[in-house]
Amino acid sequence: MQGSERVLDVRVIPPREKHPTIFHTFSELAPGESFVLVNDHDPKPLRYQFEFEHAGQFGWEYLEQGPAVWRVQISRTA
């Protein structure tokens with residue numbers, strides 16, 4: 001996390017720890033809060049996992065879509 005905007009840069013996290021770290025960060029959000037996920041590829045599989053595990057509880061907004069960096073604002077809606 002950096003500055004006042006919560007940023008989680010998973011490019012520096014070992015692959016097997018990425019999703020657990022992302023879901024842990026999400027679990028700490030209060031409704032209405034968010035963080036920006038930074039990744040080196042489209043995190044579409046992560047979105048599918050969110051839809052399966054947290055349907056109706058999250059927001060997903062692409063802020064940047066490659067080709068080198070993807071930034072997604074993930075929010076807790078409920």
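Which residues does Ile74 touch, not counting residues up to four places away in sequence? I started my notebook there. I found Phe26, Leu29, Glu33, Ser34 and Phe35 on the list. Leu37, Leu46, Phe50, Gly59 and Trp60 complete it. I note at the outset that the model is predicted.

**Entry: the sheet**

I looked up the strands next. There is an open sheet of 4 strands, with mixed pairing. I wrote down the order as S1-S2-S4-S3. Strand S1 (7-9) and strand S3 (58-65) stand at the edges. Each has a single partner strand, so one side of each is left without a neighbour in the sheet. Neighbouring strands are turned by 20 degrees against each other on average, direction ignored.

**Entry: strand S4 and its partners**

I then followed strand S4, residues 70-76. S3 and S4 run antiparallel, and 7 bridges join them.

Is S4 mostly covered or mostly open? I found that S4 is mostly covered, with 5 of its 7 residues buried.

**Entry: Ser75**

I stayed in strand S4 for Ser75. Leaving out residues up to four places away in sequence, I found that Ser75 touches Phe26, Leu29, Glu33, Ser34, Gln57, Phe58 and Gly59. I also looked up Ser75 against Lys44. They are 31 residues apart in sequence and 16 Å apart in space, C-alpha to C-alpha.

**Entry: the helices**

Which strands does helix H1 lie across? I found that H1 (residues 15-27) lies across S1, strand S2 (34-39), S3 and S4. H1 runs at about 165 degrees to S2. Helix H2 (residues 44-53) packs on the sheet and touches S2, S3 and S4. The direction of H2 makes about 170 degrees with that of S3.

**Entry: aromatic rings**

I asked how many aromatic pairs a search of the whole structure finds. The count is 5. I took down two of them. Phe26 and Phe50 form an edge-to-face pair, 5.0 Å centre to centre, with 85 degrees between the planes. This pair links distant parts of the chain. Phe26 is in helix H1 and Phe50 in helix H2, 24 residues apart. Both Phe26 and Phe50 are buried.

Trp60 and Tyr62 form an edge-to-face pair as well. I noted 6.1 Å centre to centre and 85 degrees between the planes. I then checked the cover of both residues. Trp60 has 12% relative accessibility and so counts as buried. Tyr62 has a relative accessible area of 25%, so Tyr62 is partly exposed.

Which residues form the aromatic cluster? I listed Phe23, Phe26, Phe50, Phe58, Trp60 and Tyr62 as one cluster. I noticed a charged neighbour too. Arg76 lies over the face of Phe26, at 4.2 Å from the ring centre.

**Entry: Phe50**

I went back to Phe50 in helix H2. Why does Phe50 count as buried? Phe50 counts as buried because its relative accessibility is 0%. Not counting residues up to four places away in sequence, Phe50 touches Ile22, Phe23, Phe26, Ala55, Phe58, Trp60 and Ile74. I checked the spacing to Trp60. Phe50 and Trp60 are 10 residues apart in sequence and 9.5 Å apart in space, C-alpha to C-alpha.

**Entry: the nonpolar core**

Nonpolar side chains tend to be buried together in soluble globular proteins. The largest nonpolar core here has 15 residues. I asked which of them touch the most other members. They are Ile22, Phe35, Leu46, Phe50 and Ile74. The elements that give two or more residues to this core are H1, S2, H2, S3 and S4. H1 gives the largest share, 3 residues. My opening residue, Ile74, touches Phe35, Leu46 and Phe50 among others.

Terms used:
Residues numbered from 1 in each chain as written. Predicted model: local features only at pLDDT ≥ 70, side-chain atom pairs only at ≥ 80, totals over all residues. Heavy atoms only, no water. Pairing = 2+ DSSP bridges. Axes fitted to C-alpha atoms, helices over the stretch in contact; angles between N-to-C directions. Contact = heavy atoms within 4.5 Å. Phe/Tyr/Trp six-rings, centres within 6.5 Å; stacked < 30°, edge-to-face > 60°. Buried < 20%, exposed > 50% of the residue type's maximum accessible area, 1.4 Å probe, protein only. Lys NZ or Arg CZ within 6 Å of the ring centre and 35° of its normal. Core = buried A, V, L, I, M, F, W, Y, C linked by side-chain atoms within 4.5 Å.
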